[in-house]
Amino acid sequence: SGAVPMSDVILQTKELTKEFRGFTAVSNVNLSVQRGSIHALIGPNGAGKTTCFNLLTKFLTPTKGVIHFNGIDITKEEPAQIARRGVIRSFQISAVFPHLTLMENVRIALQRQLGTSYHFWTSEKSLNQLNGRAVELLDEVGLSHLAHEVTLNLPYGQKRALEIATTLAMEPELMLLDEPTQGMGHEDVDRVTQLIKKVSVGRTILMVEHNMKVISTIADRITVLQRGAVLAEGDYETVSQNPQVMEAYMGTTDGQLQGAH
């Protein structure tokens, strides 16, 4: 299909590197995320995935390299600026308040998205507009029937769905999902996988995920990190058949894997 027009790349890093006292956590990573895609970042523990996310959201400053979002160099921007641009990391901005209802949690996220101007609103009508939007977002993640339930009472999988709703309230153009199915049983994993697929429509998602079934189901493109560097990239089929990837994950060489068939 030839070269991709630059305008279709929403996020791009060039030689992104982070060193901690002589230890290189992320090494010359060139990442290119297509607008409208679900892009997964995978790799063994210690591969640098979390550090990568921290660099993209500016919770860490790169040692070298640049980050472009929508063609703009955001390398030197503050975390709040990057969030305002629409790069929203879930389960970070959107940790939920356990003693509030689902509705109240989503409303807080909506108020945040509006910024400080919210405090000057007094009219009931304005608040009701937020209520309407909150219900829409809860509906998008399949939780509108629980709008007035206290968050504490939710099972784990539904809490994660609520966190996705509060992330959506921040109007992400690029959603960063950090291990969205971690700690879940099969049923919840399947449900959240389908939910991510659903909310990805018209958005771009970059996710760190360990569960290969999730990745094979929804990821359009996969970047494999090992020791902070890109080991392989491509769709699931390409990446899963790569001997170096097999070795990184299974600790085995290609030959031994073939022998196992």
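Tutor: Let us begin with Thr193, which sits in helix α6, spanning residues 186–199; helices here are DSSP runs of H or I with at least four residues, strands are runs of E with at least two, and both are numbered from the N terminus. The model is a predicted one, in which local features need pLDDT of at least 70 and side-chain atom pairs count only at pLDDT 80 or more, while totals for chains, interfaces and linings use all residues. Residues are numbered from 1 along each chain as its sequence is written, and side-chain values use heavy atoms, with hydrogens and water left out.

Thr193 has a relative accessible area of 3%, so this residue counts as buried (buried means under 20%, exposed over 50% and partly exposed in between, with a 1.4 Å probe and protein chains only). Leaving aside residues up to four places away in sequence, Thr193 touches Thr181, Val214, Thr217 and Ile218, where a contact means heavy atoms within 4.5 Å.

The protein has 10 helices and 11 strands, and of its contacts with a separation of 6 or more, 65% are between residues 24 or more positions apart.

Five of its five residues are buried, so β4 is largely enclosed by the rest of the structure. In a regular strand the side chains alternate between the two faces of the sheet. In β4 both faces are covered, because Ile38, Ala40 and Ile42 on one side are buried, as are His39 and Leu41 on the other.

The neighbours of β4 in the sheet can be named too, and two strands are said to pair if DSSP finds at least two bridges between them. Strand β9 (residues 204–208) runs parallel to β4 and is joined to it by four bridges, with Ala40 standing opposite Met207. Strand β10 (residues 221–226) also pairs with β4 in the parallel sense, over four bridges, and there Leu41 has Thr223 as its bridge partner.
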